[in-house]
Amino acid sequence: MQLSEIYDILFNNKQIVISAEKRNELQQCYDFLEEFKKDKVIYGINTGFGPMAQYRVSDEHLQQLQYNIIRSHSSGAGEPMPIIAVRAALISRYMTFMQCRSGIHPAVVDQIVAFLNKGITPYVPQHGSVGASGDLVQLAHIALTLIGEGQVYYNNQLMPTPQALKQANLQPMPIHGRDGLSIVNGTAMMTGLGLVNLIYAKRIAQWIMRLSVMTNEIAGSYDDFLAPEINSVRRQDGQQQAAAIMRNMAQGSQMLADRQAELYNGNSETLFRRKVQPYYSLRCVPQIMGPILETLSNAERVLINEVNSADDNPIVDPVSRNIYHGGNFHGDYISFEMDKLKIAVAKMTMLAERQMNYLFHDKINGIEYKGKQLPPFVNLGTLGLNYGMQACQFTATSTTAESQTLSNPMYVHSIPNNNDNQDIVSMGTNSALIAKHVVDNAYQVVAIHLMSICQAIDSLGCYADMAEGSRKVFDEVRKIFPAFSADTEKYTDIANVQAYLRENETEA
């Protein structure tokens with residue numbers, strides 16, 4: 001399953017259909033496990049879990065053992081996971097089981113698919129996972145709802161699971177074999193949340209490049225910072241990709257200056273009206289966005305690989321006719337990528353904040369267009385009496401600072417636990433949760449930056465000379481955020497523009 005397919009399920013409610021061939025393969029894996037386990041000691045089937053694996057569990061308690069791990073590990077705390085992240089986790093767990101290496105009964109997959117297709121989402125607290133042995137606590141909360149217990153979101157309401165199952169004409173899932181352990185023992189929660197983070201991080205990256213073009217247009221920058229000739233000689237794929245995207249975004253702009261025409265053709269100025277080289281936050285965008293694009297691309301590769309992997313333990317292999325014990329549930333891959341992703345997003349947030357500061361700071365930008373100077377804080381009112389976007393900068397700056405602090409790595413914060421059975425862990429879900437916070441912060445800061453850009457365009461009256469894509473964004477934003485000169489509260493405007501950014505993509 002690729003990211004586009006996951007997106008369709010999450011955002012377009014695409015239905016999942018299990019093929020007869022796959023159902024047969026699931027059944028064969030389950031049947032092999034049922035036959036193979038006779039007269040053998042296999043972890044989590046006839047032993048306890050974790051450090052309790054040294055204790056054999058008697059045959060009459062084997063089914064209760066699977067219920068016990070679900071109920072005992074439903075011990076999360078804190079705010080609930082976002083619904084979309086839990087749905088993504090369900091997709092991730094579904095895909096793990098579709099590798100047919102878990103030995104689960106096909107009823108498990110049927111129940112997960114029914115939840116996804118009917119819009120039933122388990123209530124899952126955010127806190128509880130150390131990211132090794134997978135997301136035991138969060139996935140236990142998911143498993144709890146599959147067996148008809150706990151709470152779920154259904155029809156926009158949080159309700160007891162039995163009530164939702166009755167309304168959806170479903171029954172609690174029966175437990176077979178090692179179903180309980182299989183559901184809870186994997187990386188699905190950190191992977192699901194990571195996928196949602198990735199989707200929104202990729203979107204904000206496109207917006208950052210769009211707003212960077214618009215900022216350079218307003219500043220009247222020379223256009224050669226995007227030229228293929230300068231970017232191609234630095235052999236970094238991401239930089240060349242970013243420059244190409246921005247060149248396309250800037251097509252048709254009359255605001256960007258031609259250096260050759262102005263400075264290479266007998267210029268006699270002694271004090272140059274236009275900055276010979278813009279500040280780095282304007283001029284170095286391809287160099288800044290290049291490694292970010294490469295980081296997001298690698299995160300997608302890792303996350304999609306994880307979605308299409310068997311990430312539980314033990315692995316049931318009907319092909320080699322054996323069962324293998326190891327640690328595919330260990331979340332280091334996801335934890336490391338989420339740390340890198342949040343660093344990338346924090347850097348984009350910093351870039352947006354610095355560009356916005358440049359627009360606000362009339363003492364350093366010197367921006368003018370056809371005799372009109374850009375006022376401080378893009379203030380369309382009376383200077384001194386009115387304040388424009390001045391106070392909004394406080395919000396953007398403080399939010400950026402928070403993201404900088406949150407960008408410290410989680411990957412290296414292992415704490416041994418579980419009687420030191422889990423003596424080195426990934427903290428992958430914590431990493432994904434912090435990355436989500438950083439992504440959310442980015443949308444707040446970029447929303448304020450976009451509002452400022454729109455005010456600057458109106459202040460200078462430069463709309464007609466901007467690139468077609470820039471005008472399109474301006475028109476769309478002005479429908480939800482009209483130009484203002486009088487001082488009014490801005491928190492609703494920020495929220496509305498933030499929602500616009502999250503719900504829409506900009507054309508590259």
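Leaving out neighbours within four places in sequence, Ile218 is in contact (heavy atoms within 4.5 Å) with Met255, Leu359, Ile367, Ile453, Ala456, Ile457, Leu460 and Met466. This is a predicted model, in which local features need pLDDT of at least 70 and side-chain atom pairs count only at pLDDT 80 or more, while totals for chains, interfaces and linings use all residues. Residues are numbered from 1 along each chain as its sequence is written, and side-chain values use heavy atoms, with hydrogens and water left out.

**Nonpolar cores**

A nonpolar core is a set of buried Ala, Val, Leu, Ile, Met, Phe, Trp, Tyr and Cys residues joined through side-chain atoms within 4.5 Å. Buried means under 20% relative accessible area, exposed over 50%, and partly exposed in between, with a 1.4 Å probe and protein chains only. The largest nonpolar core has 149 residues, and Ile218 is one of those that touch the most other members, along with Tyr94, Val109, Met289, Leu341, Leu450 and Leu501. Helix H9 (residues 188–219) gives this core its largest share, 19 residues. Helices (H or I, at least four residues) and strands (E, at least two) are DSSP runs, numbered from the N terminus. Another core, of eight residues, lies apart from the largest one and includes Leu33, Ile42, Val316 and Ile323.

**Tyr358**

Tyr358 sits in helix H15 (residues 332–360). Tyr358 counts as buried because its relative accessibility is 3%. Not counting residues up to four places away in sequence, Tyr358 touches Ala219, Lys275, Tyr279, Leu282, Ile364, Asn365 and Ile367. From Ser268, Tyr358 is 90 residues apart in sequence and 28 Å apart in space, C-alpha to C-alpha.

**The largest pocket**

A pocket is an open set of points on a 1 Å grid over the protein atoms alone, where a 1.4 Å probe fits, with protein on both sides within 12 Å along at least five of seven lines; lining residues have an atom within 4 Å of a point. The largest pocket holds about 520 Å³ of space, a volume being the space filled by probe spheres set on the points, which are joined across faces, edges and corners. It is lined by 31 residues, of which Ser133, Leu136, Asn418, Asn421 and Gln422 are the closest to its centre. At least two lining residues come from each of helix H3 (62–72) and helix H6 (136–146). The lining has 12 nonpolar, 17 polar and two charged residues. Here Ala, Val, Leu, Ile, Met, Phe, Trp, Tyr, Cys and Pro count as nonpolar, Asp, Glu, Lys and Arg as charged, and the others, Gly among them, as polar.

**A sheet of three strands**

An open sheet has the strand order E2-E4-E5 with antiparallel pairing; two strands pair if DSSP finds at least two bridges between them. Strand E2 (121–122) and strand E5 (157–160) are the edge strands, each pairing on one side only. Four bridges join strand E4 (residues 151–154) to E5 in the antiparallel sense, and Val152 stands opposite Met159 in E5.

**Backbone angles**

Most residues other than glycine have a negative phi, and most peptide bonds are trans.

| Residue | Phi |
|---|---|
| Asp39 | about 65° |
| Asn155 | near 55° |

Asp39 is in the loop between helix H2 (20–36) and H3, and is exposed, with a relative accessible area of 84%. Asn155 is in the loop between E4 and E5, and counts as partly exposed at 48% relative accessibility. A cis peptide bond, with omega about -5°, joins Asn313 and Pro314. Pro314 is in the loop between helix H14 (285–307) and strand E6 (315–317).
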